[in-house]
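Good morning, and thank you for coming.

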Number of protein chains: 2
Amino acid sequence: MATTFNDWSVSEAEFHPEKINHSETIFTIGNGYLGTRGAFEEHFPNENRSTFLHGVFDDVPVVFTELANASDWTEMEIFLNGERFSLENGKILAYERRLDLKTATLSRSVRWESPQGHISRLVFERFASLADIHLCGVRVSITAENYQGSIEIRSGLNGNADNLGFLHWNWVGQSAAKNSATLLCRTRSSAIDLCIGLTQTLTASDRTGRSFAWDVHNHPSVVSKIGIEKGETAVATKWVTLATSRDGKKALVQTQRRVHKLSALNWEEAYQAHCAAWENEWNYCDMVIEGDDEAQLAVRFNIFQLLIAAPRSDEHVNIGAKTLSGYGYRGHAFWDTEIFMLPFFTYTRPEIARNLLSYRWHNLPGARAKASANGFNGAQYPWESAATGEEVTPTWVPDPKDHTQLIRIWTGDIEIHISADVSFAIWQYWKASADDEFFAKRGAEVILDTARFWAARAEWVEELQRYEISDIIGPDEYHDHVDNNLYTNALARWNLQRALDTLPWLETHAPAELRRLKKALQIDAAELKKWQHVIDHLYLPYNEKTRLIEQFDGYFARKDVDLAAMEPRSESIQSIFGIEGAAATQVLKQPDVLMLMYLLPDLYDQATLEANYRYYTPRTDHTFGSSLGPSIQAIMACRVGDVTAYEHFMRAARADLFDVRNNAGDGIHGASAGGLWQAVVFGFAGLRYSAADQQWHTHPALPKNWKRVAFKMMIHGKELSFDIHQ
Amino acid sequence: MATTFNDWSVSEAEFHPEKINHSETIFTIGNGYLGTRGAFEEHFPNENRSTFLHGVFDDVPVVFTELANASDWTEMEIFLNGERFSLENGKILAYERRLDLKTATLSRSVRWESPQGHISRLVFERFASLADIHLCGVRVSITAENYQGSIEIRSGLNGNADNLGFLHWNWVGQSAAKNSATLLCRTRSSAIDLCIGLTQTLTASDRTGRSFAWDVHNHPSVVSKIGIEKGETAVATKWVTLATSRDGKKALVQTQRRVHKLSALNWEEAYQAHCAAWENEWNYCDMVIEGDDEAQLAVRFNIFQLLIAAPRSDEHVNIGAKTLSGYGYRGHAFWDTEIFMLPFFTYTRPEIARNLLSYRWHNLPGARAKASANGFNGAQYPWESAATGEEVTPTWVPDPKDHTQLIRIWTGDIEIHISADVSFAIWQYWKASADDEFFAKRGAEVILDTARFWAARAEWVEELQRYEISDIIGPDEYHDHVDNNLYTNALARWNLQRALDTLPWLETHAPAELRRLKKALQIDAAELKKWQHVIDHLYLPYNEKTRLIEQFDGYFARKDVDLAAMEPRSESIQSIFGIEGAAATQVLKQPDVLMLMYLLPDLYDQATLEANYRYYTPRTDHTFGSSLGPSIQAIMACRVGDVTAYEHFMRAARADLFDVRNNAGDGIHGASAGGLWQAVVFGFAGLRYSAADQQWHTHPALPKNWKRVAFKMMIHGKELSFDIHQ
C-alpha cells in the first residue's frame, strides 16, 4: 500500500487489480452516518462495492443480521466517444489514487488510452459531507487529449445492492426526470425505508450538456452527454442525498423534495463546509509524531477510521468491529468498542462517546432478556450486538475446510466479560467527562444491572468458601470453556465495587434518580449484602511466591510451546495446531493477565506486573493472534521498560495499511485503530492519572527515533494539550 | 384455485394477492429447457419471480448448490397515459388467468381502471416455445376504453435476478440499441455464461410505435411508445432468446446474433410451430378420463408438469423434486425421478427417460467417489443430486422454531436405497423400450457398479449366518438410523440379482461391452461369488404365521398410535410429535413394505400383500406425511380391492392444484405428478405385465364415477392404446 508517507494522505501510485478489496477498505470514506468502500466509480470485476448506513440492519442466514449494503452513490459509467471507460481494457498511462485524511476526500487521477487509441485524463473526487451528513458528491473531470468527440456519463441508483450476493432490499418506488432520479426501497425483514436521490450536470467550458433519465425498474438513472473539442475538459458533477426511516418521520419526504434542489448546489461551497467540519474534528483529535513519517501517517489514518465511523447524531448505534468499511463481522459491535475504541472518543470527542454508551443503555432490555434466558438477574450484554441488543453471535458457521461440516461458535454463549467492559467504559467516560447527568440518568443503571448479573453469575463453592466463575471464554479465545479467568473475575469484582460506589453517589447527587432506579430495579438490602459478599470472596488467582497469576484454572499445566522456535510464521497458532490443538497449549491469542493489569493498574504492584509480563509475553501469538493484542502489548512493554514496545506498536500501525493479517479486505480493524491511539497516549507518552494530586501526568518512553509527540485531551470539558519532546 | 374444470385449462377467475406464490407455481410454463413461474409481467409485492434453466446450478450456503434464477424474460412495465399499470393500485373491473395445457400458453385478461379513472382492457399471452427451446414470447394487447393517450411498454433484462434474496450472477457485458437489448452474465461460482436478448415492437392499427433503448448497467431495457385513440388497441410483442455456455461453444455467439433477427419473427408462425410441437407431445402422452372432470383436469395438469420439466435434448440434467417450478429442494434430484416420474416417460416418451437415465450414467464418477469416501467399492448415488452427482444434501439446516439452533439432516448420509432405485429404473426402461444399445453401453455399468456397492455395504453377521444392512433411512423418513429396512434390503438384493443377469446377457449380445466393463470395473470370479452369497443370505424379515413383514428391526415394538382418532389434522405427525416423538411411534410417513410390493409384485403372494396392507394402511400419515405416498397407496388399494383408492388418488391429484399441503408455493410436487399417472395406469387400469404370455394386461378397477379411461403406452418402440370403459 502506501509506499510514501505524506503527513496527511494515503496514496496508491499503481493499480493492482489483485489487491482491489484491500484498497477498497483503505480508501473507505464516511461521515459517521455512512461509510463507503473505495470501489471505482465505473465498476471492476471482483469489486466489493458497498455503502453501509449506521443502524440499517437486516436479517440474513447464519449470522442472523447484518448491515445492509445500500444503493451505491458513487457509481458512474463513462463513455468516451462511445467507448466504455474501464481499467480492464485499453492502457493505463498514469494512475494515482489518494485519500486526503485532513478533508476525507478520495481522489483518483487516471490517464487512459482507449482500445481505439483515444487518450483521456480523468480526475475523480468524492466526499461524504461531514457538514451535511445526508449529502454526498462525486465529480469527474475528463480531458480529451488527442481527440474530439462525445462524453457520456451514466449515473444510476441501483436498488439491487447486495451483501456478497445477498439482497436486502425490496423496491418501493422510484422516479426519474431529466437530470434527477429517486429510488425508494425497504429492507426485506427489518422494514427500514431508504430514500436516495441524485442529480447530475455535465459541463465543458461554458456549455452545459444534455441530461435525460432512464427510468429502469429498480435502477433509475440519469444520462448526461456533451461534445468536447480536443484538449477541452468536461466536468460531471453528481450530488446524492439519502435518508432512512430511522432518521425520523419526515426524513424520507424531505429527501424526496431535496433532490430537485441539488442541481443548484455549488460544489466549492458544499465542499468547503465539509472541509471546515473536518478541520474542527482534527483540532480536537490530531496527534503529531515527529521523526517517524510512517508512524505519523499510520496514527492519523487510524484516527481517521474512528472519526468516519463515529455516530455524531445517533445514540442508537454502535461501531462494528470492522467499522463501516467492510463485511467482516457484518457490522456487529463487540467489546472492541468499549475497551479499544472508546478511550479515543472519551478523551477527545466525549459527545461521541456518550452516544456510543447511550446505545448500551438503550439496549438494556436486550441485555436483561439475555440474562433472564440464562437464568440470571440483571443485564448480560450480548457478545455481538446489532440493532436491538439481542445476542447475534452466530451459533454455527461453515467449516472452511469441509463445507458439509459446521463449527460451533461459543463466544455468544460464554464470553461474558463484555458486561463488565461496558461498565468499565461508562465509568471511564464519567470520570473523564464529569458528565454527571449522563451517569445519573443512564450510566448508573447499566453499572447496577450488570453488577446484579455478576452477583447472580458467580458460583458459591462451599468447600472452598469462595465464589468462582466457571465455563467461560476470556479475551484470549484460544482457550474456551475455562474456569476462573483472571480478566473476567477481576473485572466482575470491579463492576460490583463500582455499583456499590454508585449508590451513595446517587443518594448525594441525584436522589430522584436513585429512587427511580431502586423502584425500577427493586434492589434491596439483601442484594447489596450479597454484592459485598461476592466482592469479598470472589476468587482471584495469585501465587505469592512467584507473583505469577494463572490466567485460568489449569493453564500452567497445559503444554508449553516454544513460540520463538516457530518463527517466522505466516498463520496463527490456531490455524497451525487446530482449535483443540491450540487450546491444549499455553499459547495465547492475547494475554488476559496483562490486559487486566492495563485496565486496573492499581490492582497489582510493579513486581507482579513484571513477573507476569515476562511469563506471558513469549507465550503470546503477537503476529497472527488477536489484532487487539499488539497495541496493548506496546503499552505494557512501555510500563516495564521493554524496547520491543515500538515493534508491537508498528504491528498495530500496519494492520490495515499493509494488510499484515491478510484480511484487511474485510474491513478496518477498528479495535486496532483505537488501540493505536491508546498506545501513544498511555504507552509512549505514559499518561497516568494520579489520585494523589488528581492530575494527569506523563511518563514518556518515546521510541528512540521519535522527536516529538503532541496531542490534546478533553478532561472535565476542558482541553489539555500535551507536547512531549525527546 | 381452479373452481371450474375445463378439460384442458386451469383458470383463476379472481385475483387473490395472498395466494400469489401458489398461483405462480400453478401457472408455471416451460419447454424442458427452462421453467418460468407465473409471476405477473408488471411485478407485484412478495412475488417469487423466477426462471430456472436445467443444469444451471451455482453454489449457495447451507444447501451447497441450487438452480440459479435467471434473468426474467416476462417482465414488462406498462404505463397507460403515464400511469403505471399495477394490480396494487386502481380498480380491477375484471380478471381472468388461464393456463392452456394443450398449448402450454399462459394468458391473462384484465379490465382495469387507473387511479385517474382511465379504463383499459389488457390481454397478456406468453409461451416458451417447444419447437425452438431458445425462444420465448410475450404479447400484450391494450385497449383504451374511455380515453385516448399514450401507451408505454418497458421491457428489461435484469442481471440481478435473485434466488429468494441470493444473487448468482456477475455482469459480463450488455448492449442496447433501438428495439433490442442483450445481456451477458456469468454464475458466480460455477462460471456458467448466460446470453439473453430481447426485441420489442409496439403497434396500433397500422402504425408502429417508437422504440428506444435504456442501456442501464446490468439492466438494459427497451422502451416502446405509441399514441392511441379511444377504443383503439395497441399490441406489444416481445421476443426473448437465450442460451448458456452449457449449450455448446457457439451458443452464446449465435444468440447474440439472433437477437437482431427476432423483430422480423411472426407471432402466429412461431406460435403455431410451438402448438404443433405440443400436439405431438399430447399425441403420445394424453390420458382421457370420462365422468370425472376434476380427475381429468388434474391428470392432464400433472402430465403437463412432467412434460414442461422434461429435458428433451440434454442428457446431463435430471428433474428436481420440485421440477423447474420453484425454490423447494433447490432443483436437486432425488429418487422421486426414478421411481415416481420416470415410469411416465419410460412408457410414453422413452427418449426422455433415456436422457434422464444417462444423467445417472454420466454421474457415475460422483457416485463412485461417494462410495469410496464411505469405504465401499462400487457406485453409491447421492441422495440429492445436482450438476455433478456429488452428494448435495444439506448436512445441517436452521431449526424453524429457534434460529440459533440447527437440525442435522441424515438423509445424505444414510438414505441409501437411491442406488437400487436408479438400477430399478434402468431395468424398467430397458424392459419397456428394448433399448439394448443404451443398456449395453450405459445401463449395465450402473447396475453392475451399484450391485458392487450393495455387496460391499451388506454386513455379514456371523452368529446369524446372514447379511444385514444397518443404520439407514428407508423411504419412510419418520424413522431414521434403522436396521434391515425391508424396502432397502429387498431392492439391494434385487439389484445384485439383476447384475448377475446382466453379465450373461452382455456376453451374448454385447461381448465387446462386457470386455470393456470387466476391464474397467475389474470384476472377478470371487466378487461374483460374493454377490451370489449376499443374494442368498441377505436378511428379509417375514413372519410366516401372520404374513406380516416388519418394516425394520424393532418397528412392531414402537408405540402404536390410533391415527384415526387424531383426525382431522392440519399438520404432519412429525410436526405434532416432533422428530424424536414421531420416530418412537409406528406412524409412517409412507409405507415401505407396500412400496416394495408395488415395485416387486412377484416377491410376495396376494395374502401377504393383503395382510400387510391391512396392517400398514391405518398407520400411515396419508394426509401430511410424504407427498409421494397417496398415489402408490391408491395403486395398492386397487390391488386389494379397497374402495378408498379413489380418495388417495384425489389427494395426490389435488396436491398442487389445491395446495392441500400448504407448500405448493415452493414448486410442483414432481413425484406426486408422476405417481398420479402411475395410479391410473397401474392402479385403476390395473396394467400388469404377464411373464407367461409376455403381454401387458389390464385389470380394471375404475372408480365408480369414471366412465372411461384411455391412454397410450410405448412398448418396444410400438404404441399400444388402452381404452377402458366401465
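**Chain A as a whole**

Among contacts in chain A between residues at least 6 apart in sequence, 68% join residues at least 24 apart; a contact here means heavy atoms within 4.5 Å. Please note that this is a predicted model, in which local features need pLDDT of at least 70, side-chain atom pairs count only at pLDDT 80 or more, and totals for chains, interfaces and linings use all residues. Residues are numbered from 1 along each chain as its sequence is written, chains are lettered from A and ligands numbered from 1 in the order in which they are written, and side-chain values use heavy atoms, with hydrogens and water left out.

Chain A has 19 helices and 31 strands. Both are DSSP runs numbered from the N terminus, with at least four residues for helices (H or I) and at least two for strands (E). The radius of gyration of chain A is 27 Å, close to the 27 Å that the globule rule gives for 726 residues, so chain A is as compact as a globular protein of that length. That radius is taken over C-alpha atoms, and the rule is 2.2 Å times the number of residues to the power 0.38. Along the principal axes, the C-alpha atoms of chain A fill a box of roughly 90 × 60 × 55 Å.

What share of the 726 residues in chain A is buried? Buried residues make up 63% of them, where buried means under 20% relative accessible area, exposed over 50%, and partly exposed in between (1.4 Å probe, protein chains only). Chain A exposes about 26,100 Å², and carbon and sulfur atoms supply 49% of that area.

**Strands that pair**

I turn now to chain B. Three of its strands form an open sheet in the order S2-S3-S4, with antiparallel pairing. Its edge strands are S2 (29-30) and S4 (51-53) of chain B, each of which pairs on one side only. Two strands pair if DSSP finds at least two bridges between them. Two bridges join S2(B) to S3(B), residues 34-36, and B:Ile29 has B:Thr36 as its bridge partner.

Hairpins come next. In chain A, strand S24 (residues 396-399) and strand S25 (residues 402-408) pair in the antiparallel sense over four bridges. They form a hairpin with two residues between them, and A:Trp396 stands opposite A:Arg408. In chain B, S24(B) and S25(B) form a hairpin with two residues between them, and B:Trp396 stands opposite B:Arg408.

**Individual residues**

Where is A:Gln254 placed? A:Gln254 lies in helix H2 (residues 251-259) of chain A, and it is partly exposed, with a relative accessible area of 46%. A:Gln254 and A:Cys195 are 59 residues apart in sequence and 9.5 Å apart in space, C-alpha to C-alpha.

The peptide bond that joins A:Glu567 and A:Pro568 is cis, with omega about -5°. A:Pro568 is in the loop between helix H13 (525-537) and helix H14 (573-583) of chain A.

Finally, consider two residues with positive phi. A:Gln694 is not a glycine, although its phi is about 55°; A:Gln694 is in the loop between strands S28 (688-690) and S29 (695-697) of chain A and counts as exposed at 58% relative accessibility. B:His716, also not a glycine, has a phi of about 50°. B:His716 is in the loop between strands S30 (708-715) and S31 (718-725) of chain B, and at 47% relative accessibility B:His716 counts as partly exposed.

Key:
Areas by Shrake-Rupley, 256 points an atom, 1.4 Å probe, with all protein chains shown as cover.
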